[in-house]
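Student: I have a model open and want to learn how to read its features. Where do we start?

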Amino acid sequence: MDVTIELHGAVTGSCLRASVALEEAGIPYRVVHVDTHQGQHRRTGYLALNPAGKIPVMVNRTTGTPRTLAQSNAIVLYAAERRPGKLLPIDDARARSITFERYFYFITDVIAVSHAAYHVNKFLNDSKAAIHYLEQDALDVLLAAERFVAQSEFMAGRQFTIADIAAFTITYHLRSNIDRAAVRHLQRWFQAVGTRAATQRGMRAFDLAHGAPARAAPSAEAASSAVAV
């Protein structure tokens, strides 16, 4: 089978959201590693794909003219729309709206805040109080998601959706700051998602592309302790 979709990126939360979405949707793709430490995302060739110089970028070569799509969250939605019903409910308006609500809950109230903390720390590292506030705010909102899985298997109900993809990648990133005993429902959900074969492939995608040892994606045993302090 010819693989006509390329995913350009590296091992970052944003890129992993995109690769997990493509894996879970069953969409064939090829990873193109972008070495940001060497400044590859600022070179002319990459800027032609995304003038903002950000990763990831998806390139679709299905047609004669390659089509690019930046923004990891747009790539997640692309994957969901390409496989109707796989990652996003299609026949139940309420279930669909709840999925979007939970998806944007993690995107805007957890991931965006965590990214802000990272950038403040990187460029304004004398602003310790601001960094602590942002990091704690992101963590508090993430932990509040315990209520979403207290009586449901997944973040938006009985079906694995784009909400779980957004939630899993940021939970994985913040796992060392979480006391698993305090959020047993979140821990149960994290373990279940971490053992999904497609999610594991997505979490390893950029390590394998770079020729590095495969990322130790959460196995059943590892996931059960991964969120411990």
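Tutor: Start with a charge and a ring. The charged end of Arg 102 sits over the ring of Phe 148, 4.0 Å from the ring centre. Keep in mind that this is a predicted model.

Student: Which residue lies over the face of Phe 160?

Tutor: Arg 196 does, at 3.9 Å from the ring centre.

Student: How do I read two rings together?

Tutor: A pair of aromatic rings is described by the distance of the centres and the angle of the planes. In this model the count comes to 10 aromatic pairs. Take Tyr 105 and Phe 148: the centres are 5.0 Å apart and the planes at 75°, an edge-to-face pair. This pair links distant parts of the chain, 43 residues apart. Tyr 105 is in helix H4 (residues 93-123), and Phe 148 is in the loop between helix H5 (128-144) and helix H6 (162-174).

Student: Are Tyr 105 and Phe 148 buried or exposed?

Tutor: Both Tyr 105 and Phe 148 are buried.

Student: Why is the pair of Phe 106 and Phe 148 edge-to-face?

Tutor: Look at the angle. The planes of Phe 106 and Phe 148 are at 80°, and over 60 degrees counts as edge-to-face. The ring centres are 6.3 Å apart. Phe 106 is in H4, and Phe 148 is in the loop between H5 and H6, 42 residues away. Both Phe 106 and Phe 148 are buried.

Student: Which residues form one aromatic cluster?

Tutor: Phe 168, Tyr 172, Trp 189 and Phe 190.

Student: How do I look for pockets?

Tutor: Rolling a probe the size of a water molecule over the atoms shows where empty space is left. Here the largest pocket has a volume of about 1,200 Å³. It is lined by 37 residues, and the closest to its centre are Thr 12, Ser 14, Ile 55, His 115 and Tyr 118.

Student: Which helix gives the most to the lining of the largest pocket?

Tutor: H4, with nine residues. Helix H1 (13-25), helix H3 (72-82), H4 and H6 each supply at least two residues of that lining. By class, the lining has 14 nonpolar, 16 polar and seven charged residues.

Student: How do I read burial along a helix?

Tutor: An α-helix has 3.6 residues a turn, so residues three or four places apart point the same way. Now go to H3. Its buried residues are Ser 72, Asn 73, Ile 75, Val 76, Tyr 78, Ala 79 and Ala 80.

Student: What covers the buried residues of H3?

Tutor: The cover includes strand E1 (5-9), H1, strand E3 (57-60), strand E4 (67-70), H4 and H6.

Student: And the backbone? What should I look for there?

Tutor: Most residues other than glycine have a negative phi, and most peptide bonds are trans. Look for departures from both. A cis peptide bond joins Ile 55 and Pro 56, with omega about 5°. Pro 56 is in the loop between helix H2 (44-47) and E3. Gln 71 is not a glycine, yet has a positive phi of about 75°. Gln 71 is in the loop between E4 and H3.

Student: Why does Gln 71 count as exposed?

Tutor: Because the relative accessible area of Gln 71 is 56%, and exposed means over 50%.

Methods: Residues are numbered from 1 along each chain as its sequence is written. This is a predicted model: local features need pLDDT of at least 70, side-chain atom pairs count only at pLDDT 80 or more; totals for chains, interfaces and linings use all residues. Side-chain values use heavy atoms; hydrogens and water are left out. Rings of Phe, Tyr and Trp (its six-membered ring) pair if their centres lie within 6.5 Å; planes under 30 degrees apart count as stacked, over 60 as edge-to-face and the rest as tilted. Helices (H or I, at least four residues) and strands (E, at least two) are DSSP runs, numbered from the N terminus. Buried means under 20% relative accessible area, exposed over 50%, partly exposed in between (1.4 Å probe, protein chains only). A charge sits over a ring if NZ of Lys or CZ of Arg is within 6 Å of the ring centre and within 35 degrees of the ring normal. On a 1 Å grid over the protein atoms alone, a cavity is a set of points where a 1.4 Å probe fits but cannot get out, and a pocket is an open set with protein on both sides within 12 Å along at least five of seven lines; lining residues have an atom within 4 Å of a point. Grid points are joined across faces, edges and corners, and a volume is the space filled by probe spheres set on the points. Ala, Val, Leu, Ile, Met, Phe, Trp, Tyr, Cys and Pro count as nonpolar, Asp, Glu, Lys and Arg as charged, and the others, Gly among them, as polar. Contact means heavy atoms within 4.5 Å.
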